[in-house]
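Subject: The structure you asked to see

Hi,

Here is the structure I promised to pass on.

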Amino acid sequence: MSYSRLNSLDPVQIDEWRWAPFLAHTVNVFSEFQPKAIPIARDYLKKETSFGSKSTTQLVQINTWACQTKKLRLARAACVEATGIASVLNFLITPSGNYELPFFGADLVTLPAGHLLAIDLQPVLKADEMHTVDVWERLIPLHDRWQSYFPWGGKIPEDAQSYFSPGFLWARLPLSEKSDRLIQEVLFPAYSDYLLLYMDLVNKAEKVSEERSSKLLAGQNSYMRFRAKKDPARGMLTRFCGREWAESYINDVLFDL
Ligand code: DBV
């Protein structure tokens, strides 16, 4: 009988999951911020199902790690492993609307066609300098340092561009040993740098006015609506777990307004 998870802070255990070191590091960083568990239904905390024909049945494991802290409304990781088909860490931090903070978003995806790697401090209000200047001043040097190791990920979907910063670390890599090394030796420290910057911004953030907070919340809601509507994983989650489960996972857990 595999290990069951009862709350969103319980450790995620997925055998041979390539993104385990990234989540372990994230959990370790959050341990300094008095994380509180989030009420999530058991069927979304840990889901095991099988995929494929009789002869090629593949185990699919989906786990959700999540918490909230004083200044962060929700930090949640969707962890997917279907060996040979998909291996994903999709991590999103949504700050409280009371602070002038961006989102932290990471989409680390391995498919038969290759690796897709996306890490960013995504603006809640992209066209608002009061929201972006201080962040980008520190983010862009980090991006200059790390993006150069990776081939650019290619065109970002037109309608998604307003949700990314100029410091968006974006790459696509082939499946190879060289890519495996690049992920362990370069992407991991890059991810740690981006997360370190984000948590330092959180530490320094001070409460904003009511008026400003409502503007930030409006920006957060438009982002959440967009992500829920256009989630590139919808097809995969529907194939693995059926339409009803996938829609509820996307709308009620991952991009919950
Ligand atoms: N993406 C998610 C969640 C995932 C997930 C919750 C549970 O938001 C996985 C899993 N992302 C995932 C998968 C793919 C992508 C692609 C499986 C590959 C889909 C495919 O090719 O079949 C960043 N993720 C992508 C893409 C981008 C991102 C830009 C390529 C999309 C494309 O080519 O169409 N982060 C992601 C994103 C936004 C963001 C789309 C939008 C604002 O913030």
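The feature to look at to begin with is helix α3, which bends by about 45 degrees at W136; the bend at a residue is the angle between axes fitted to the seven residues ending there and the seven starting there. Before going on, please note that this is a predicted model, in which local features need pLDDT of at least 70 and side-chain atom pairs count only at pLDDT 80 or more, while totals for chains, interfaces and linings use all residues. Residues are numbered from 1 along each chain as its sequence is written, and side-chain values use heavy atoms, with hydrogens and water left out.

Helices (H or I, at least four residues) and strands (E, at least two) are DSSP runs, numbered from the N terminus.

**Helix α3**

At the start of α3, the backbone nitrogen of M130 has a side-chain oxygen of D128 within 2.9 Å. This is a polar contact (a pair of N or O atoms within 3.5 Å; within protein, one must be able to donate a hydrogen and the other to accept it, and residues adjacent in sequence count only if both atoms are side-chain atoms).

The buried residues of α3 include V135, W136, L139 and W146. Here buried means under 20% relative accessible area, exposed over 50%, and partly exposed in between (1.4 Å probe, protein chains only). The buried residues of α3 pack against β6 (114-122), β7 (169-173), α4 (177-204) and α5 (210-230), where contact means heavy atoms within 4.5 Å.

**The sheet**

Seven strands form an open sheet in the order β1-β2-β3-β4-β5-β6-β7, with antiparallel pairing. Its edge strands are β1 (46-51) and β7, each pairing on one side only. From one strand to the next, the twist averages 5 degrees. Two strands pair if DSSP finds at least two bridges between them.

Strands β4 (residues 86-95) and β5 (residues 103-111) run antiparallel and are joined by seven bridges, with L92 opposite G105 in β5. β6 and β7 pair in the antiparallel sense over five bridges, and L117 stands opposite A171 in β7. Four of the five residues of β7 are buried.

Helix α4 packs on the sheet, touching β3 (72-82), β4, β5, β6 and β7, and its direction makes about 15 degrees with that of β6. Helix α5 lies across β3, β4, β5 and β6, at about 165 degrees to β4. Axes are lines fitted to C-alpha atoms, for helices over the stretch in contact, and angles run from 0 to 180 degrees between N-to-C directions.

**A few single residues**

Leaving aside neighbours within four places in sequence, the contacts of Q61 include Q13, K47, C79 and E81.

E16, in the segment before α1 (20-30), has a positive phi near 50 degrees without being a glycine. E16 is exposed, at 76% relative accessible area. Q34, in the loop between α1 and α2 (42-45), is not a glycine and has a positive phi of about 45 degrees. Q34 is exposed too, at 59%.

Happy to go through any of this with you.

Best wishes
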